[in-house]
Amino acid sequence: MLEFQNVSFSYNGDNWVLKDISFSLKQGEFVSIIGSNGSGKSTIARLANGLLLSQKGDVLLNGSSLKDKDINRLAKFKVGVIFQNPDNQFVGITVEDDLAFGLENMGLDRNIIQSKIMEISEKLGIKSFLHFPPSLLSGGEKQKVALASVLVLEPDYVVFDEVTSLLDPINRKMILNTILEINRNRGVLYITHHPEETVFSNRIIVLNNGFIVRTGTPYEIFSDVDFLSSVNVSNLHEAILSKKLLEKGLIERFSLNLDEIVDQLCLN
Amino acid sequence: MAKFYFGQFQYTQTFFHKLNPTLKIVLIFYLVILLFFLKTIEAYFFFLVFGVFLIILSKLSFKSVVSSFKPIIFLLLFTLFFQLFFTPGTIVLDLKVLKITKEGLSLSIYIAIRLIILTILTFLLTSTTTTTDLALGFRNVILPFKIFKFPVEELSLMISISLQFVPILFEEADRIMKAQMARGADFESGNLFVRARSFLPVILPLILNAFNRADQLAMAMESRGFILGMKRTSYRVSKFGKNEALAIIFVLIFTLVLFVLEGIYA
């Protein structure tokens, strides 16, 4: 389990970017974090695998603190982090070299590295461009490679920090499907600005000014339209529509399902 | 047809392309040193013919060869001018202000051929070797320095990352330029000084973005378990086979012929 226990973090020692954050992520769980710009979302991603260390509280991996040097090292391979811009994550000149980078850091033998690269590239459908420089790939393909370069390390938890924000709707959908697939046996911490990408979550955490202001299921979070707008977080179109129709008395029940909203409208 | 930039890798499967990158770097380096030991014009010409032969053997496009000389034309003319007119010796042509000497004429021919051969050799190396192989080759070349605690792995990783960032920075510069042009920036009018100054709004954001990228890349590297100075394995390995042995023999024979020519014409 990956656990944040009363974590507070400040970059300069004065302004606390995160204040008393507590939550946990189990393997197989999908937890989303939403919040406005500057709410501390990306800092959580960096704390999750020990890139940053909290000044107060602790981040625990299977019960051990990431402040311990050995656990911190282990966390780099057990908790994968994928950032927003894939161009700034590529280390290798070719896709193959980039996939090998983390495995070389693990100190694995060349043959094992090769078999792991083949396995992940086949799984994610990137085998055809293994010998390409990443700069020649499309946005969606680049993000797939960034994903593969982390998944090849076989982490138990993967943190996605606004990975779809630079992608078009088709590529966003493709990446989301891949994420849902890998979620089967891994814990996913999904940080995003897009509410529609969080509807698959087991839980959604809403951040505002460094505080967790609410945690709940997608229905619990998005049904409180006024609350989300008060913390400057965009809501699902269905939620806004449903609330307005409910206020006008055109439907009887709040719903996040468009078909259900239409059915209710037709019945009235 | 796409524009070639100097030393751009050209994908064809020739003997030279398939050669072990480490050996290729060592042999090119050896040929460069050898070039500086030559004294006779005949040996220089033979070396030039050898360089052209290697280009033909590597099936490199003629257009790319021509464009590879563009960046050195100014340097070549500048060097020739100074050697030709400012080398003291026996005057062969007196233009009153400037005098051409026999020694100057001979020295400028030597330097011109030397520069052309150097360009051909560098062009050959980069046009027939992928950036991955170049980085790997360079790593292997400096590997022996590891015993002196020289940071071989770090340096080769740094080179490989820099090479990978080159197209990204070019793209970014182009993007910034277009954005500035859309807001009325003019990069083509005025004298050299004015034009150079007009590039400031491109260079500054480019540098700032490069720092930002470097910071994010460092974080991405660390998040995949990279620690500076830590022992890590290497996925890429260099192979040494029949082709490599042939290349060594070929270069040795070439050296022998050069020395014979030097002996005859010295």
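Reader: In strand β2(A), which residue is the bridge partner of E3(A)?
Author: The bridge partner of E3(A) there is S24(A). This is a predicted model, in which local features need pLDDT of at least 70 and side-chain atom pairs count only at pLDDT 80 or more, while totals for chains, interfaces and linings use all residues. Residues are numbered from 1 along each chain as its sequence is written, and chains are lettered from A and ligands numbered from 1 in the order in which they are written.

Reader: How many bridges join β1 to β2 of chain A?
Author: There are 6 bridges between β1 (residues 2-10) and β2 (residues 16-25) of chain A, and the two strands run antiparallel. Strands are DSSP runs of E with at least two residues, helices are runs of H or I with at least four, and both are numbered from the N terminus. Two strands pair if DSSP finds at least two bridges between them.

Reader: And in the hairpin, which residue takes a positive phi?
Author: G13(A), with phi near 90°; the hairpin of β1(A) and β2(A) has 5 residues between the strands.

Reader: What order do the strands have in the open sheet of 4?
Author: The order is β2-β1-β4-β5 in chain A, with antiparallel pairing. Its edge strands, each pairing on one side only, are β2 and β5 (64-65) of chain A. Strand β4 (residues 56-61) of chain A is joined to β5(A) by 2 bridges, and L60(A) stands opposite S65(A).

Reader: What lies across β4 and β5 of chain A?
Author: Helix α2 (residues 69-78) of chain A does, running at about 60° to β4(A). Angles run from 0 to 180 degrees between N-to-C directions, and axes are lines fitted to C-alpha atoms, for helices over the stretch in contact. Two residues are in contact if their C-beta atoms, placed from the backbone, lie within 7 Å.

Reader: Next, the open sheet of 6 strands. What is the order there?
Author: In chain A it goes β6-β7-β8-β3-β9-β10, and the pairing is mixed. The edges are β6 (79-82) and β10 (211-216) of chain A, each pairing on one side only. On average, neighbouring strands are turned by 20° against each other, direction ignored.

Reader: Which helix packs on that sheet?
Author: Helix α1 (residues 41-48) of chain A, touching β3, β6, β7 (157-161), β8 and β9 (203-208) of chain A. Its direction makes about 150° with that of β8(A).

Reader: Do β3 and β8 of chain A run parallel or antiparallel?
Author: Parallel, with 5 bridges joining β3 (residues 30-35) to β8 (residues 187-192) of chain A. F30(A) stands opposite V188(A) in β8(A).

Reader: Helix pairs now. At what angle do α5 and α6 of chain A pack?
Author: About 20°, with the axes of α5 (residues 139-151) and α6 (residues 169-182) of chain A 9 Å apart. So α5(A) is roughly parallel to α6(A); angles under 35 degrees count as roughly parallel, over 145 as roughly antiparallel, 65 to 115 as roughly perpendicular and the rest as oblique.

Reader: Is the crossing of α5(A) and α6(A) left-handed or right-handed?
Author: Right-handed. A crossing is right-handed if the near helix is turned clockwise from the far one by less than a right angle, and left-handed if anticlockwise. Residues of α5(A) that meet α6(A) include L147(A) and L151(A), and I175(A) and I182(A) are among those on the α6(A) side.

Reader: What about α6 and α7 of chain B? At what angle do they pack?
Author: About 160°, with axes 9 Å apart, which means that α6(B) is roughly antiparallel to α7(B). The crossing of α6(B) and α7(B) is right-handed. F138(B) and R139(B) of α6(B) and I159(B) and L163(B) of α7(B) are among the residues making the contact.

Reader: How many residues does each chain give to the contact between chains A and B?
Author: Chain B gives 26 residues and chain A gives 30. Elements giving two or more residues on the chain B side are α6 (131-142), α7 (152-182) and α9 (200-223) of chain B. The largest share of that side, 8 residues, comes from α9(B). By class, the chain B side has 12 nonpolar, 9 polar and 5 charged residues. Ala, Val, Leu, Ile, Met, Phe, Trp, Tyr, Cys and Pro count as nonpolar, Asp, Glu, Lys and Arg as charged, and the others, Gly among them, as polar.

Reader: Which residues of chain B does UniProt list for "transmembrane region"?
Author: The unreviewed UniProt entry lists residues 44-62, 74-93, 105-126, 190-211 and 245-265 of chain B. UniProt positions are given in the numbering used here, feature names are shortened, and annotations may be inferred rather than shown by experiment. In the model, residues 190-211 of chain B are 86% helix and 0% strand, with end C-alpha atoms 31 Å apart.
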